[in-house]
Amino acid sequence: MLHEPDVRSITQYHDAVLRLSATDAPVPITGRGAWPAIAANHEFNLLLWREEDKARRRDVAASEIAASKRHIDAYNQQRNDAVESIGEAILAALAQAAVVPAPGAWLSSETAGAMIDRLSILALKIHHMREQTRRVDAGSAHVQACAARLQRLQRLQQQRADLAGCLERLLREAEIGRAWFKVYRQYKMYNDPSLNPYLYGQVRGSGRAAP
């Protein structure tokens with residue numbers, strides 16, 4: 001870290017990726033530590049957003065919607081894996097710097113990785129709301145409705161600024177031992193063939209889920 005990654009660089013990176021998303025041009029990652037996981041998290045959030053839109057189509061075969069749902073499952077698992085990797089990388093940097101929580105240090109109920117994930121999602125919401133107001137293929141009523149929603153955009157921007165401030169405080173105080181957080185593993189039972197009854201029922205050849 002220490003101040004690696006810094007919050008301003010994270011939000012700037014999120015915005016840069018979205019600006020170039022239409023061209024599929026990559027935004028290079030030069031940082032180490034948590035940066036590869038930050039980039040992966042944002043990428044999978046972007047893929048999730050697109051796939052969620054595709055899954056709402058009504059003019060395609062059911063098989064295409066089923067394929068989208070499977071992609072959503074996979075992207076969401078990868079997104080969650082990246083969230084955990086962000087937290088682990090930041091904690092590893094603190095441990096390498098021999099930083100330990102001081103007596104009375106406050107425990108954040110949310111990890112740094114989860115907060116960065118939410119910043120990524122807010123960046124997506126702001127970006128796409130702006131894009132709707134710039135559409136030339138929609139009628140004026142649609143554009144006016146989206147322009148009215150831009151008032152909500154101000155709230156989204158405020159929410160993003162507030163969250164960025166909270167993350168900055170957590171990282172700053174964790175760096176000096178006044179705050180800490182833990183990485184809690186996300187157990188996605190529905191993705192595990194040994195835990196999802198509809199999957200392990202098929203594995204046993206029962207033809208139906210176990211009760």
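Buried residues have under 20% relative accessible area, exposed residues have over 50%, and partly exposed residues fall in between (1.4 Å probe, protein chains only). The model shown is predicted, so local features need pLDDT of at least 70 and side-chain atom pairs count only at pLDDT 80 or more, while totals for chains, interfaces and linings use all residues. Residues are numbered from 1 along each chain as its sequence is written, and side-chain values use heavy atoms, with hydrogens and water left out.

**View 1. Arg-56 and Glu-52 are joined by a salt bridge.** A salt bridge is a side-chain nitrogen of Lys or Arg within 4 Å of a carboxyl oxygen of Asp or Glu. Here the N to O distance is 2.4 Å. Glu-52 is partly exposed, at 29% relative accessible area, whereas Arg-56 is exposed, at 54%. A search of the whole structure gives seven salt bridges.

**View 2. A salt bridge connects Asp-117 and Arg-79.** The closest N and O atoms of this pair are 2.6 Å apart. Asp-117 belongs to helix α4 (residues 112–133) and Arg-79 to helix α3, so the pair links distant parts of the chain, 38 residues apart. Helices are DSSP runs (H or I, at least four residues), numbered from the N terminus. Both Asp-117 and Arg-79 are buried.

View 3. Arg-169 is partly exposed, with 40% relative accessible area, but Glu-173 is buried, at 16%.

**View 4. Helix α3 runs from residue 62 to residue 96.** This helix has 35 residues and reaches 51 Å from its first C-alpha to its last. That is close to the expected 51 Å, the expected span being 1.5 Å times one less than the number of residues. Just after α3, Ala-98 has a positive phi of about 60°.

**View 5. The largest nonpolar core has 32 residues.** A nonpolar core is a set of buried Ala, Val, Leu, Ile, Met, Phe, Trp, Tyr and Cys residues joined through side-chain atoms within 4.5 Å. Ile-38, Ile-86, Ile-90, Ala-112 and Leu-167 have the most contacts inside this core. Two or more residues come from each of α1 (7–19), α2 (35–55), α3, α4 and α5. Another core, of five residues, lies apart from it and includes Leu-48, Ala-55, Ile-72 and Tyr-75. In soluble globular proteins, nonpolar side chains tend to be buried together.
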